[in-house]
Structures are given as structure tokens and as C-alpha cells.
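This report describes selected local features of one protein chain. The sequence and the structure are shown below for reference.

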Amino acid sequence: MRSATLLIASLLISFAANAEITTRTENNGNLILEDIPPIPQKIVDDLNRYQNIRSAPFGDFTEDSENIFIQTRFGDVSQIHKVDIPGGARQQLTFLSEPVGQVARQPHTNNLAFTMDAGGSEYAQICLYDFDTRESVMLTDGESRNRGIVWNKSGKQFAYQSTRRNGSSNDIWVMSPDSPQNTSIVLESEDGSWWGPVSWSPDGKRLLVMQYISISDARMYEINVATLEKTLLAGGPSLPSYNEPSGYDKAGKSVFLITNQFSEFNQLAYLDLTTNELKPITSDLSWSVEDFALSDDGKRGAFTVNEDGMLNLYLLDPTSFKYKKVTGLPVGLVGSLSFSPDNKKLGFTVNTAKSPSDSFVMEFSSKMPLKQGEITRWTYSEVGGLDTNQFIEPELVRFNSFDGLSVPAFVYKPQTSKNEKIPVIISIHGGPEAQFRPQFIGTFQLWMKKLGAAVIAPNVRGSAGYGKAYINMDNGYKREDSVKDIGALLDWIATQPDLDSSRVAVIGGSYGGYMVLASAVHYSDRLAAAVDIVGISNFVTFLTNTKEYRRDLRRPEYGDERDDKMRAFLESISPNNHVERIKIPMFVVQGQNDPRVPVTEAEQIVKALRDEGKPVWYMNALNEGHGYRKKENRDVYTQAVVLFFEKYL
């Protein structure tokens, strides 16, 4: 592998020399940098502390409910750790060269099933960590894409999703870790639309799964594991809606789910499997429910609600369906909900604008399900010695777009003198069905501190969190309406007395990368620079080359390139067909193994820009995929972005 990597690097250097492109490699030849000047030592030194920020999101409780498992990074990638007491030392359990993905504790043991891919390929394998021997073994075939581990109540089997059968379909499989060679399919999928599994019934005879056609059409099914019969429980062609299963009740006779059948927003609901009656639970909340957990004894529930970008925690009485908002938590994002095996504790992650993701535990002293318990912070992640009390919290603003639509955006502004106009960096999220949230983002704080720039993160039309009408406003032929929202944001910036509208840059990844490129096409006269991270440069080539298991998922959002009219439209809005209109410096960042937005998307936009004589920096990590997960690569990327903004912004 090393020799192949060096050969690729050598060929790239040879090609670059012929094309008069300045190329060098870093990180053992895994990082290719073209036309990127050497990083000054001052930038390396200035950013060092920002690049040594850690996080410690909650994973699970130990079997005795006394300790917790978390994920954090002490070396180059995130690994599994155990913490015995609040604020205690993190004991590293796994020591692997790749970051650990999902972690699921085997019931009645402290053994941990986890996923891990190689080089960001997303072809994750399922491994089992034996807590007694401290050894890990791979359970899957080493070639397919595997995810979504869900143990049954006995801990003797787990269900998971895999492409093992044909490489493209998301089949649902069941495995006993004692005999992984005897794994079997319980749902044979015709495509990549099946997501899950989500939950086993208490008797271990049924599974809840979801078929995800699009953000507006997600269907909930139940699988009989013995007969392989699948039954549609919610949604379907006659009732297009979002229906995400959350789990069975204690008796296995009803199902909790998240649905938008009754509202613009996703509500927590309850489906009686005997009567097929579906009841909304959170009908008086005008925001979307996102995460739900039920204790093993079925007597207490918890869920989170996305309230204008913040995720707040609620407790639920599963009998009366009454609920109550939890108080006393930092204002931010709450997630990763999990009850302890003894049903007396709730673990979760909290992330705020001033603190990275850390693990918290609520301990209940009352049997009353709505009486919140004492909240204890279990981890205190290092922040590189920075004083996070000096970190800037964002302001939520709204601006009107070309058609009068009110678009929300979070604005971060550094401390400045009264008469000083400051540059602006617009950060555009991916998805597109995602949402920017005011979480802990060290790079934003870095840009404000080191570059003196304001940072604006808009949630343009098509973003999640604002209802089903808003999320569908950019579909198909309406794609460029979201780009026009960036134009409206530029108009808004021009009205602000402290923002310099002549010094504005855009940055974004994945779909956000497309938005960056499209903004450069349409608004080069109003922008100074752009950073495209694993972005889509041509929708037709993207849909053609993205992995098969993802293709049908993307067509409802972007359009079906097999239709001649739609294909022509997609070509007409693809940035690589309009590079002559891009008149600003571009920085393109890519991972060689990206299965979502293939490396060819970056290569073709870089070539097109260079053919037009446009200035473009190019960075490609040969051991990464859809974004950089290895610290050594992230560090160079962060430094190069600062250098790029210093030069052009």
C-alpha cells in the first residue's frame, strides 16, 4: 500500500512538473498539495492550540450502570475509552489506526460492537471488542459496507445493514457474534433505500426498519425475522411523509416513531399495532423532534427538540404521554440519549458554542418519570489551553431573499474597534437536507481571532429544521433558488455598517461545496475567494459516479439524470460548465476515497479552472474520504485555509 501511495504521488509530481504546477506531498506521501505555498511557521505556531481541541461524546453505560464508554482522540484518530467517575481519567480501550464509528454495547456484557472503515471509504466493517481479553475481532467480510448495529434484548444476536450480497443494495442481516459465518438476510433490498435496522421487539421476533426514499418520503416497516414477511406500518406511496421508527414499547404491542404526518414539523408519535391507531404526542410543539430513547423497563422516556437550531432535552411519561422540558443544562445541542441498564440514569452529550461535545449523566432519585434527576458532567475535554470564555457566541438573524422568504443565519463577530469594517467568511452547510447549528466550532473562533473576520452560517432554503415546506424549496428545477439566497445574504452584508462587503469569502463542503462553486459562478463580482471542500462540480457526473447504494437516494433531491430534460437542466446549472464566469481564487479540497462525492468532481473543476488560467489551490488526501478525519491531514488543511484567506481575503 505504501509503495502504491508513493507511486501515485510520484506520478502526480511528474504530471505537475509538465503542467507547471507546483506540487509537494506531506504526511508520508498521503497528502498532495498543488499550487499551495509552503505554510509559514508562524501560522503553524498560531494555530497549534486550536488544533489540539478534543471532544468526548457519550457512547453507552457499562453493564453495571456505574461507568460510561465514550469516544475521544488522544492520538491521531478517535477511539473508544472508559470513564469510571465524573471528571475521571479516560482509559483507552481500542488502539487502531482508523477512527472508530458506531459503538453498541452487547447486552448483559461489556463487550462492544463497533464499525470502522479504511481511509474514509465508508465501507465499514463490524468488529467486536472483548472487554475481558481486550482484543477485537472482525465479524463481517472485510469488503462490503456495514452499519446500523442493533442488539436484541438477550444480546445473542444483532441486526445490521450490509451491501454484502451484491455491493449496492442495503440488505438487513442478522448475526450471532459466536458464529459470524452463519449470518443471514432477513430483508433483501432492491436498492440502497433501506435504512436500519432500528429496534428489536422485546421477544426478539420482529425488527423495525425504515425505507428512506427521500426526506419527504420515509416509510416504517416491521420484519418478522422467522417468516421474513415485512409489513408497512406508516407512510407509503398513498401517504408520502416522513416516518422514522424509534422503538417498541415495553410490551412490544406499540411503536414510538417520529413523523410529519400531522404537522409541518416532525412530531413524536405512538402507533398501536393492534388497532393501527397513530397518535401524535408532541402536537403542541412547533419544532421538530429529533432523538428518542426509552428505558428498558418502559417507564421513562426522553427526547430532543430542535428549537431554532438548538437541541433541547425533554422527559416523557410513556403511559400518560405527558412531557416536560429539562432545565439546568447549558444552552446548546443535546444528543446521543441512552438509559442505563438499571433504568436509573440517562446519559447524553452536550455541545455548546463555548464547549466541545462532552458526556453528561442525569441520575433519577424519583420514580416519577417527569421529575428530572441530578445532572453531572462526566468529561471535561481539553481545548488546547484556550480560554473558551473568550469565545464568541453567534447571533441569530433573518434576512429576506429574492422572493420575500425569510432565511435564518447565525452571525459570529469578533471584537473590533467602532469604525472598523471587517471581512466576512460565509460558511455553507452540506446535505442539502442539513442545518447549521451553533455548536462548538474551533475554526470559526480561529478565523475571528487570527483573521479578524466575521463568520456567517446561513440555513438557506432546503435546510432541515424549519418544516417540510422549507426543506423542499430547492428540489429539482428549483435548485438555484438556494444559490439566490446567498445573493440575498450578500445584499444583507452590504447593509451592515461593520461588515466589509468588498472582502467576502465563501466556504462549504459536499453540497455546500456545490453552493460555493455556484456562488462563485453567479457572484464573482461580489466575492473575494472561495473554498470548495469535497463539492459537487457537475450534477450529472456526480449522480453517475457516486456509489450505487446512494444514487437513488440523491435523485429525488437533485433530479433524475436519466430524464433528458432534467439532464439538460442539471448540466446547465453545473459549475464546471461555467468556469469562465468564475473570477476569484479557488481552493479545492478533496479525499481520494470519497464514496459520496468522488474525487473526479474535484479533478474536473480543478482542470477546468486551470484550463481557463484561473488561480486554484488543490489539496487531496489519499487516505481520506468525504472530509478529513485524521488529525495530521486536518491540521495541514486548517493551516492552508488560513493562509488562503490571509492572501486573498
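Which residues of helix 8 are buried? In this predicted model, the buried residues of helix 8 are Tyr549, Arg550, Arg551, Leu553, Arg554, Arg555, Glu557 and Tyr558.

Among the buried residues are Arg550, Arg551, Arg554 and Arg555, together with Glu557.

The buried residues of helix 8 pack against both strands and helices. The strands are strand 15 (194-200) and strand 16 (206-214); the helices are helix 5 (479-494), helix 6 (511-523), helix 7 (539-545) and helix 9 (564-573). Just after helix 8, Gly559 adopts a positive phi of about 115°.

## Packing of helix 3 with helix 11

Two packed helices are described by the angle between their axes and the distance between the axes. For helix 3 (residues 442-451) and helix 11 (residues 631-648), the axes come within 11 Å and cross at roughly 40°. An angle under 35 degrees would count as roughly parallel, and 65 to 115 as roughly perpendicular; helix 3 and helix 11 are therefore oblique to each other. Their crossing is right-handed.

Helix 3 contributes Thr443, Leu446, Trp447 and Leu451 to the contact, while helix 11 contributes Thr638, Val641, Val642, Phe645 and Glu646. Classified by residue type, the contact of helix 3 with helix 11 has 6 nonpolar, 2 polar and 1 charged residues.

## Ser144, a buried loop residue

Ser144 is located in the loop that runs between strand 10 (135-138) and strand 11 (146-151). Its relative accessibility is 5%, and buried means under 20%, so Ser144 counts as buried.

The side chain of Ser144 takes part in polar contacts with two side chains: that of Asp141 at 2.8 Å and that of Asn146 at 3.1 Å. When residues up to four places away in sequence are not counted, Ser144 touches Tyr123, Ala124 and Gln125 as well as Ser162, Thr163 and Arg164.

## Lys418, an exposed loop residue

Lys418 also belongs to a loop, between strand 32 (406-412) and strand 33 (422-428). Is Lys418 buried or exposed? With a relative accessibility of 85%, Lys418 counts as exposed, because the class begins over 50%.

Along the chain, Lys418 and Tyr248 are 170 residues apart. The C-alpha atoms of Lys418 and Tyr248 are separated by 58 Å.

Terms used: Residues are numbered from 1 along each chain as its sequence is written. This is a predicted model: local features need pLDDT of at least 70, side-chain atom pairs count only at pLDDT 80 or more; totals for chains, interfaces and linings use all residues. Side-chain values use heavy atoms; hydrogens and water are left out. Axes are lines fitted to C-alpha atoms, for helices over the stretch in contact, and angles run from 0 to 180 degrees between N-to-C directions. Helices (H or I, at least four residues) and strands (E, at least two) are DSSP runs, numbered from the N terminus. Angles under 35 degrees count as roughly parallel, over 145 as roughly antiparallel, 65 to 115 as roughly perpendicular and the rest as oblique. A crossing is left-handed if the near helix is turned anticlockwise from the far one by less than a right angle, and right-handed if clockwise. Contact means heavy atoms within 4.5 Å. Ala, Val, Leu, Ile, Met, Phe, Trp, Tyr, Cys and Pro count as nonpolar, Asp, Glu, Lys and Arg as charged, and the others, Gly among them, as polar. Buried means under 20% relative accessible area, exposed over 50%, partly exposed in between (1.4 Å probe, protein chains only). A polar contact is a pair of N or O atoms within 3.5 Å; within protein, one must be able to donate a hydrogen and the other to accept it, and residues adjacent in sequence count only if both atoms are side-chain atoms.
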